[in-house]
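Here is a short report for a first look. Please view the sequence and the structure, then read on.

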Amino acid sequence: MAETLVNNPVITDSLEAENAKALKKLRKRQKKRGSIENAKVKKSKGKHINGSLGGDIAIFILLALLGIFMLFPLYYSIIQSFKPISELFVFPPKLYVISPTGENFSNLFKVAGNLWVPFSRYVFNSVFITVVITLMHVFVVCNCAYCLSKCRFPGYSALNQLIVISMLFTSTATWIMQFVVMAKMHMINTYWALILPSVATSMGLYLMRQNMSTINDAIIDAAKVDGAGAFRTCWQVVIPNQKPAIATLIIFVFQGAWNVQGGALVYKEDLKTLPTIMSQIAASGIARQGIIYASAVVLMIPPLVIFLIAQSNVMETMANSGMKD
Amino acid sequence: MAKEKTVERKKPIEPGSWRHTLHEMKMNQACYWMMLPFFALFTFFTVIPVVMSLPLGLTSFNLVQFPRYIGLQNFYSLFVNDDVFLIAVKNTLIFAIFTGPFSYVLSFILAWLINEMNPFLKVFFTFVFYAPSMTPSAFVIWQLVFSGDSYGYLNSVLLDFGIINSAKQWLTDVTYMMTVVIIVQLWTSMGAGFLALRAGFQGIDTALYEAGAIEGIQNRFQELFTITIPAMGPSLLFAAVLAISGAFTVGSVGAALCGMPSTAYAVHTVMNHAQDYGSIRYEMGYASAICFVLFAVMLICNQLIRKVLSRFTDN
């Protein structure tokens, strides 16, 4: 029976087609069902092909020891923020809290509540600026990085050189000129003065450019053949393959944007950002020692949350998967 | 002219000619539109300020009066008259040699080791090693650790164990300052480069490892050198550029720990020097000249590293 079927070319073809269809369906279902499961299977098969259990344990111990060294200051500032005033000035300083208290935090918000401009205004400023910078940065940088890494247009190598060189230039000598430029464009004392300089930074662009250049050209050619323009290729083909890099980009830009200090760029009180106001509160001397630590901890939370979300969403990318060459 | 006729007959456009360039530009029109937003902002906030500040190095400018052209005098006094600058150059080179390559290699090794772990531990350890860069205010703690009295953590521990018999002035004694600042510098330098390398590792196609295993790769090290490093050339280059610019612009850590100026300028760097003239003495012309020298050195260094790395990696 089987032999007769095999010998009949028409039937075999249709059978194969049927099989292929069924397989595709199955794969699709598998993909839909628990992507985490899939990722785990892939990992245990993929990454640990050449690893041993002993090696894993040794690595873990090494990293844990180094990790303590790296985490110590973070731990210390959190501990300090929970110390009551009597413990803060104990000498030598203790590495643990005897009677933890939320006093510092409540004091911080009490001081913040008595400000001339409502505290919520500063929170709004910071959140608004950070969100706008992050969104604009990711959009602008991804577009540009795609072109710089995958398009061979006239002037492309010159622009790439420009980006690398600009990363080496330090801001100490240029801040005054930046101010002059912004003043000429009438941007001083507006949100734009805080937002626009952080949108187009060469570090983010270079990061994305470098990562995108590892993508296989064949995928992009395939997209072109299918009729996708540069913009569509960038956002539907390249970007979905760049999750780790984009997560990293978001961490960088969020952190930078969250810590933007108005400085000379805005002097109107209701445009100032949270870090500016926190450092103003903390600057009032030794009596507010606890508040300094509390404000540092509060300011640390948003970048930390973004970091954890971004990092844990990074699955192994499937860059170049489906390529056969 | 004769050539033009043949062009008309065959209709190819010669590469290198302006017509070819124009044609290419038309073909890639979409690219230019996509790059426009970035480069417009980049020109206004980076290119113009940088280009405008370079000529400043040739002037005497105090922010109040109009810059006065003085030729190469700034550079002349920088190298001939300014003793502190020469100390700063020496210190910067020491910092660059110790912190640059070391933090680069360390972040690569750590990123690699972390990559071998399971997903939860990956996130956890990435967080642990990136944490110092998220808490810029945290190096106040190092002041407590290295505090000069017998209550400073390091002093009290060493005294308890009888390794030293009197408290050391870690932050003001010239013999220790350099070491202390290098350690703290290393601690803070595991930031962007490390995270970029992590992303680079994450982006490697796992099929490559499978193929490698089939081809007979035996252990992790072989895998590292034959598959991983060649596959992540671009990320390595990025981290290298970051490491260079980080290593040559050290200064804030030393200033925060040892004060500015530090004792006998022991940890005074070129960056500190530029800040000193730029934001304390308001001699912007001189500060620009200092930054220009620093920039030139970094550029040379960058070209060298590029050449070295291109031997090991794919692109």
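## Confidence

Chain B has an average pLDDT of 80, and 92% of its residues score at least 70. The term pLDDT is the predictor's confidence in each residue, from 0 to 100. This is a predicted model: local features need pLDDT of at least 70, side-chain atom pairs count only at pLDDT 80 or more, and totals for chains, interfaces and linings use all residues. Residues are numbered from 1 along each chain as its sequence is written, while chains are lettered from A and ligands numbered from 1 in the order in which they are written.

The complex gets an ipTM of 0.78 and a pTM of 0.77 from the predictor. Over residues 1-8 of chain B, pLDDT stays under 50. Where pLDDT is low, the predicted coordinates should not be read in detail.

## Chain A

Chain A has 16 helices and 0 strands. Helices (H or I, at least four residues) and strands (E, at least two) are DSSP runs, numbered from the N terminus. Of its 325 residues, 36% count as buried. A residue is buried if 20 or more other C-beta atoms lie within 10 Å of its own, exposed if 12 or fewer, and partly exposed in between, with C-beta atoms placed from the backbone.

## Where the chains meet

The contact takes 80 residues from chain B and 78 residues from chain A. Two residues are in contact if their C-beta atoms, placed from the backbone, lie within 7 Å. On the side of chain B that touches chain A, helix α3 (residues 29-53) of chain B gives the most, with 16 residues. That side of chain B divides into 54 nonpolar, 20 polar and 6 charged residues. Here Ala, Val, Leu, Ile, Met, Phe, Trp, Tyr, Cys and Pro count as nonpolar, Asp, Glu, Lys and Arg as charged, and the others, Gly among them, as polar.

## Cores and a covered helix

The largest nonpolar core has 130 residues, of which C144(A) and I290(B) touch the most other members. Such a core is a set of buried Ala, Val, Leu, Ile, Met, Phe, Trp, Tyr and Cys residues joined through C-beta atoms within 7 Å. Not counting residues up to four places away in sequence, C144(A) touches L205(A), M34(B), M35(B) and F38(B).

Helix α10 (residues 192-202) of chain B is mostly covered, with 11 of its 11 residues buried. Its cover includes α11 (202-212) and α14 (243-258) of chain A.

## A partly exposed leucine

L154(B) lies in helix α8 (residues 153-160) of chain B. L154(B) is partly exposed because 17 other C-beta atoms lie within 10 Å.
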